[in-house]
Structures are given as structure tokens and as C-alpha cells.
Amino acid sequence: DRKDDAVGGAVGLEYRPDLRLTFSVSGRHEKDKFLPEGERRKIYSASGGVVYQLTRDATFSMTYIHTKEDASVDIRDYTNNVVAVQVRMAL
């Protein structure tokens, strides 16, 4: 008898001013309804980042992600803020 409905969308944009540098931004929204309980929730997320190619085999990146959930059950509400710094090397 359970029925879950979900509707959402996402959008993203990437810009490369040169071969070594990449900027990106994205956003996402999701709206859910859970039946027969009647619970509802909305999730919003936005992120941005930059990637720099140090060498042919190494990159440096910084990313920020903000996520917020707004639910009809207050205990499920949350907000996350994540900052990530990463160095990748291919061997």
C-alpha cells in the first residue's frame, strides 16, 4: 500500500578559461511525498568548485557543497556544509 512520489531537477555549468583551469557550479532540488504516512520533504543542494591542472598527471581542486533538507517531520531536517580540498596524482 506504500506509494512514494519524487520530482526534482538539477542544473550545472562548467567554464574553462584555459586548458589548466576549470570552474563549476551546480544546483539540485527534489520534492518527495511518502504515502500512506503523508510525510513530505524538500532537498536543496548547491555546489561550486575549481580544478587546476598542476602537471599532466596531477590536479588540485577545491569544492564547496551546501545541502538542506526541509521535512514535515522536524527530526529529519538538516543542513550540511562541506568544504573539500584534494590533490590527485595519476601514476
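Leaving aside residues up to four places away in sequence, Thr22 touches Glu14, Tyr15, Arg16, Gly49, Val50 and Val51 (contact means heavy atoms within 4.5 Å). Keep in mind that this is a predicted model, where local features need pLDDT of at least 70, side-chain atom pairs count only at pLDDT 80 or more, and totals for chains, interfaces and linings use all residues. Residues are numbered from 1 along each chain as its sequence is written, and side-chain values use heavy atoms, with hydrogens and water left out.

**Around Thr22**

- You'll find Thr22 in strand E2, residues 21-35 (strands, E, are DSSP runs of at least two residues, numbered from the N terminus).
- Thr22 counts as buried because its relative accessibility is 11% (buried means under 20% relative accessible area, exposed over 50%, partly exposed in between, with a 1.4 Å probe and protein chains only).

**Strands E4 and E5**

- Strand E4 (residues 58-71) and E5 run antiparallel, joined by twelve bridges (strands pair if DSSP finds at least two bridges between them).
- E4 and E5 make a hairpin, with six residues between them.
- His66 sits opposite Asn81 in E5.
- Val87 also has its place in strand E5, and Val87 counts as exposed because its relative accessibility is 52%.

**Salt bridges**

- The whole structure holds eight salt bridges (a side-chain nitrogen of Lys or Arg within 4 Å of a carboxyl oxygen of Asp or Glu).
- Asp4 and Arg2 meet through their side chains in one at 3.3 Å, N to O; Asp4 is partly exposed, at 44% relative accessibility.
- Glu37 forms a salt bridge with Arg2 too, with the closest N and O atoms 2.8 Å apart.
- That pair links distant parts of the chain, 35 residues apart: Glu37 is in the loop between E2 and E3, and Arg2 is in the segment before strand E1 (3-15).
- Glu69 and Arg41 meet in a salt bridge of 3.9 Å, N to O.
- Glu69 lies in strand E4 and Arg41 in strand E3, so this pair ties together parts 28 residues apart in sequence.
- Glu69 is buried at 7% relative accessibility, whereas Arg41 is partly exposed at 25%.
- Glu69 and Arg41 also belong to a salt-bridge network with Arg28, Glu30 and Asp32.

How values were computed
Helix = DSSP H or I, 4+ residues; strand = E, 2+ residues; numbered from the N terminus.
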